[in-house]
Amino acid sequence: MVETWELRARFAAALAKMYGDEVPAYNTLVDVTMQVNRDFAAEHPDSAERLGSLARVSAERHGAIRLGTLDELRDVATVFGGFGMFPVGYYDLRLTDSPIPVVSTAFRPTDPAQLARNPFRVFTSVLTGSDSRFFDTDLERRITGFLRRRTLFSPELLQWARQANRECGLPEPEATQFVEAATSAFRLGTDPIDAGWYRELAAISPVAADIAGQSSTHVNHLTPRVLDIDELYRRMTERGITMIDRIQGPPRWNGPPLLLRQTSFRALAEDRRFRRPDGSVTTEPVRVRFGEVEARGIALTRSGRAIYDRLIARPADADWDSEFPHTEDGLDDAGLAYFTYRNEGTVVVRDPIVYEDFLPASAAGIFASNLDSVTGFVSDAPGAEYGQDRLEGAIDRTIEDPFELYRAQQEASRALLSPANNHSRQQPLPPTNTPAYKHSRLQTQRTPREPA
């Protein structure tokens, strides 16, 4: 039996190999990331692994895909469920400074031990095709008809995924077949694209064209994790690789790393085949796929996140050094960040909880920075409802609140402290990067949707 975590690790590795073959600059990004991580670990031996072992950080990836319908979201939830990845967080990218006609969630492991084994995540966006601020009634009708005619995930793939979810893994050869089929579902399509249809959508939003302009979906980007994103940005630029204009997320400051910082190299021109009205097929460059890199920090509580949101909304006036304590102890004592605790003799040791999720403004900023053109709302009509409840109804399960996951991890660790140390206000789970961890059926069983 190939356990869920190993299926997930195989899937992440297979996607990385495929994406590297399709976008060779991604391999360069990974190489530079590995070099920066090794150098950082050598220069900071006491702190480099504070937010995860070098082995975990080196293997860590997140991917991004874009879907056209809620039915496709339902199917992809089944596929990812087979890899022990469940929806966490709701992100409305229409509500950012650069509105994009998608809403998103992220599929990832939710159990800390599973995250320690392999923390693969996939940021998954769905086109808001009935949002009249972007698409008029006629275009909405034609988008719906086009998307109904395509099938992204085969019945065999969905069957293997359900079995893997039910049995917490798969035997061979089904395990290999499942990983191969899931990887192929996100391979860049080669069928000619209707040129007129694609351009009509691109005039509204290049993201809409990337989603609904072709008969398949694909990996939009893959993201390794780096320990020093500023140094990586510098080294990539030195290699002559064009990066987007800035690093998204919190700035570099004098305290511990917070939340998530992201950047990417600019999307490269990739040749795609287009079919003209006369039936001829030509090749033209398209720029939608890129290589992103991330640096993960400490998960902030709701209070800490409120400060972050306020500061990021007015960057010119933001004073990070006065708003946040400069130490982990200070963040913990102020209730601004999540930690776990463990006993070492009579001493309680606190460990920061890594932020495992995403930031909508950063995601929209990365998307917008990699498009040839950026459009906002094209109409002032009322926006269609694509709230979290609608996504949950489509996939028939609850989208987890990341704050609650971090809080539960913190409280669970408190319960494990010795009675003498139970006066501590916060507490942690025991270390999860241990080979003694045994896979639990509870962590991969389907969570039914809560009744309204």
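In which handedness of crossing does α6 pass α9? Keep that in mind while we get set up.

What you have open is a predicted model, where local features need pLDDT of at least 70, side-chain atom pairs count only at pLDDT 80 or more, and totals for chains, interfaces and linings use all residues. Residues are numbered from 1 along each chain as its sequence is written, and side-chain values use heavy atoms, leaving out hydrogens and water.

**The whole protein**

Start zoomed out. You'll find 17 helices and 14 strands; these are DSSP runs numbered from the N terminus, with helices (H or I) of at least four residues and strands (E) of at least two. Of the 452 residues, 56% are buried (under 20% relative accessible area with a 1.4 Å probe, protein chains only; exposed is over 50%, partly exposed in between).

**Stop one: α6 and α9**

Select residues 137-148 for α6 and 195-204 for α9: their axes come within 12 Å and cross at roughly 125°. Axes here are lines fitted to C-alpha atoms, for helices over the stretch in contact, and angles run from 0 to 180 degrees between N-to-C directions. That angle makes α6 oblique to α9 (under 35 degrees is roughly parallel, over 145 roughly antiparallel, 65 to 115 roughly perpendicular, the rest oblique). And the opening question? α6 passes α9 in a left-handed crossing, where the near helix is turned anticlockwise from the far one by less than a right angle; clockwise would be right-handed. Now show side chains: L139, R142, I143 and F146 of α6 touch W197, E200, L201 and I204 of α9, with contact meaning heavy atoms within 4.5 Å.

**Stop two: α1 and α8**

Next, pick α1 (residues 4-22) and α8 (174-184). Their axes are 9 Å apart and the helices pack at about 40°, so this pair is oblique as well. Here α1 passes α8 in a right-handed crossing. Among the residues that meet are L7, F11 and L15 in α1 and F178, V179 and A182 in α8.

P173 is partly exposed, at 47% relative accessible area. M1 is 172 residues away in sequence, but 9.9 Å away in space, C-alpha to C-alpha.

**Last stop: α17**

Finish at residues 402-415, helix α17. Colour its buried residues: P402, F403, L405, Y406, Q409, Q410 and S413. Then bring up what they pack against: β3 (86-92), β4 (102-108), α5 (112-117), α12 (302-313) and β13 (339-344).

Notes. Expected span 1.5 Å × (residues − 1).
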